[in-house]
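Take the whole chain in view before turning to its parts.

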Amino acid sequence: MKSSIKLNFFGVDCAGCAGKIEKEIRKTPNIIDANINFSAGTISIDFDTSIKDTIIETVNKIMEKNEPGSFVEDPNKTKNHTHSNFDKKKMFLFFISISLLIVAINIENINISTPIFIVSYLVAGFSVLKKATLNIKKGLFFDENFLMSIATIGAIILGEYPEAVAVMLFYKAGEIFQGAAVKSSRDQIKSLTDLKPDRLRVVKGFLYDDTIPENGKVGDLFEVRAGEKIALDGEIVSGSGNLETSSLTGESIERFVKEGDTVLSGMVNVNSVLKIKVTKPYSESTVKKILDIIENSSIKKSGTETLLNKFASYYTPIVVAIAVVIGVGVPFIIDGNYSEWIYKGLVFLVISCPCALVLSIPLTYFASIGRAAKEGILIKGSGFLDEVNRVGTVAFDKTGTLTNGEPEISEIKSSREEIPFDIIYNLEKKSTHPLSKVLISNALKNGAKEIEVEDFEEIRGYGLRGSVNGEEYYLGSKKYISDLGLDISEYKKFQVILATKNKVLTAISLKDSLKKDSVDTISYCNNLGLTTALISGDLKHIADEVSKELNIKETFSEMLPNDKVSTIENLQKKSKVLYFGDGINDAPVMTVADISVSMGKLGSDAAIEASNIVFMNDDIGLTKKLFSISKKNKKLIIQNISFILIAKISIMGLGTMGLSTLWQAVFADVGVALVAVLNSMRILKMKI
């Protein structure tokens, strides 16, 4: 039987090291799968229930073996001081080593200073040497610990004791600063998506039981006071007031709620006391789904990340081979000055570490996804950010996407004196189609009464059929009624028709208003040089009217679900297609499109599940922000890759010419990584 757990990890500030730990955990007996989210500092593990009681201990042994001093903790039991204590230990050893180095430098007697240099070196570099040794035993030669060990041991062999210690100290200082930068980045990203309430106040008679949201059960009654977050999805049973929904939608708009209204976890109660009945456990709550999407997004890696990981696996061995040629091959051929060329080879080795690339690129994606979440956009994987930049066609559904999805009846034409609202109401109340609410509401306003409908059938994309008092009625699209053999030529402008087998009874025309940002969104897409397309199930004259008003380039109307799929496939012959839909009736189309976006409808399960990207506030205007974040993400990645490669190649060249020292090489390596990390984080503050 399978169980799952998500743990926080500490003491691992190198993405490459995290990847090795992930592989080791996966190889462990009774562990089914493991995925480390380096950017979030979490590891998700699927394992056999038989090791449930020892899973944390098992993982900690693997952590300590691969990265001495690292460990994992259950997030519900994590102590705030653990990571800072680990950092204090690093800082203490660092200052002991640097103190010993200063003492040794000021002692002229080499017999006394040399042992102090060695002790200083071991204090600073013992953990590095230990990791390198452990990795060598596993056949893993080409990592930063190996490179740094070889470089500093080589310096000691050459008699460059101060430089060997200084290089190791520079490296350790870089680790400390890099760890601080990574932690700061994680904290910034998490602060953008700080949705999870910490407290659930369960009402038990006249008493309260404070607990965590995970302990809440369906049917529990809990209280939320002014200024507090709603812990679980539920229904208000007492109280009314305003809720702030920006943590879910990205918009600071207050929403008034009262008894009987549904509320979602993550919303903030502004000004009242609410008592709410739990309708979903935490595992199925809106907050949990959103957090899972964000945290698991790094598991679905982009092509850039995959390519970089492959690049690193080839890059380091090649660089080591070049360093050997520089240190041994060149002096053998040229001048026999081995000490000088070995030193140059060591400089080459130090600067070759690919850690800056492996660290900064995933962090850029994760920061971009975090920023998108802050704006109300949920992106389910870093690869989808890349895909947005590659699309050539943007296709839109109409109802609920470009329009408000709340059509009003503009005209009714009937062949009878009395419009059969009873039949319309009782057929539509069994339907799942979005338009049914409009027709039901209108029928009730006109005095519709309950009548029994037998043999009811809903034919998706066409309409409804049911028998009343022995007579069959058909309610649906013009095509549905036309296929019965009835003449509908006089009903061209009507979308919904009620008929019997022999006669059209009533035709209904509906009109839906455009969303406020639809015009600007289509204009923006057209200005980007994208092909815009409307793919709608609506009548041709209505679809054409919307396309004309919005300046959409291609229009496809009266589309059934299978027609929409075929249309997308045809558009894909020209370019990649980004499809926008309501996330409810468009699942087949979203599956076929290269990338899909659904309108979130504030907590709709169907919308969250259906697509690659979700607009949580149902605002098509977020399209601009989606493209902007994708483009800025790409720009930052190109900047980081270019800067890192140029800096490293430059230092390699200078080292080979004897113009760069080991000190400068380490400083450059650490500095490049820090600059790249800080550059990645700029997406959190940029104007979108």
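This is a predicted model: local features need pLDDT of at least 70, side-chain atom pairs count only at pLDDT 80 or more; totals for chains, interfaces and linings use all residues.

Residues are numbered from 1 along each chain as its sequence is written, and side-chain values use heavy atoms, with hydrogens and water left out.

The C-alpha trace spans about 115 × 65 × 45 Å along its principal axes. The protein holds 22 helices and 26 strands. These are DSSP runs (helices: H or I, at least four residues; strands: E, at least two), numbered from the N terminus. Of the 688 residues, 52% are buried. Buried means under 20% relative accessible area, exposed means over 50%, and partly exposed lies in between (1.4 Å probe, protein chains only).

Four strands form an open sheet in the order β2-β3-β1-β4, with antiparallel pairing. Its edge strands are β2 (31–37) and β4 (71–73), each pairing on one side only. The twist averages 30 degrees from one strand to the next. Two strands pair if DSSP finds at least two bridges between them. Strand β1 (residues 2–10) and β4 have three bridges, in the antiparallel sense. F10 stands opposite F71 in β4.

A helix covers this sheet. Helix α2 (residues 55–66) lies across β1, β2, β3 (42–48) and β4. Its direction is at about 155 degrees to β4. Axes are lines fitted to C-alpha atoms, for helices over the stretch in contact (heavy atoms within 4.5 Å). Angles run from 0 to 180 degrees between N-to-C directions.

Finally, the backbone. Most residues other than glycine have a negative phi. Where does N30 lie? N30 is in the loop between α1 (15–27) and β2. N30 is not a glycine, yet its phi is positive, about 75 degrees. N30 is partly exposed, with a relative accessible area of 42%. N469 also has a positive phi, about 55 degrees, without being a glycine. N469 sits in the loop between β18 (463–468) and β19 (471–476). N469 is exposed, at a relative accessible area of 80%.
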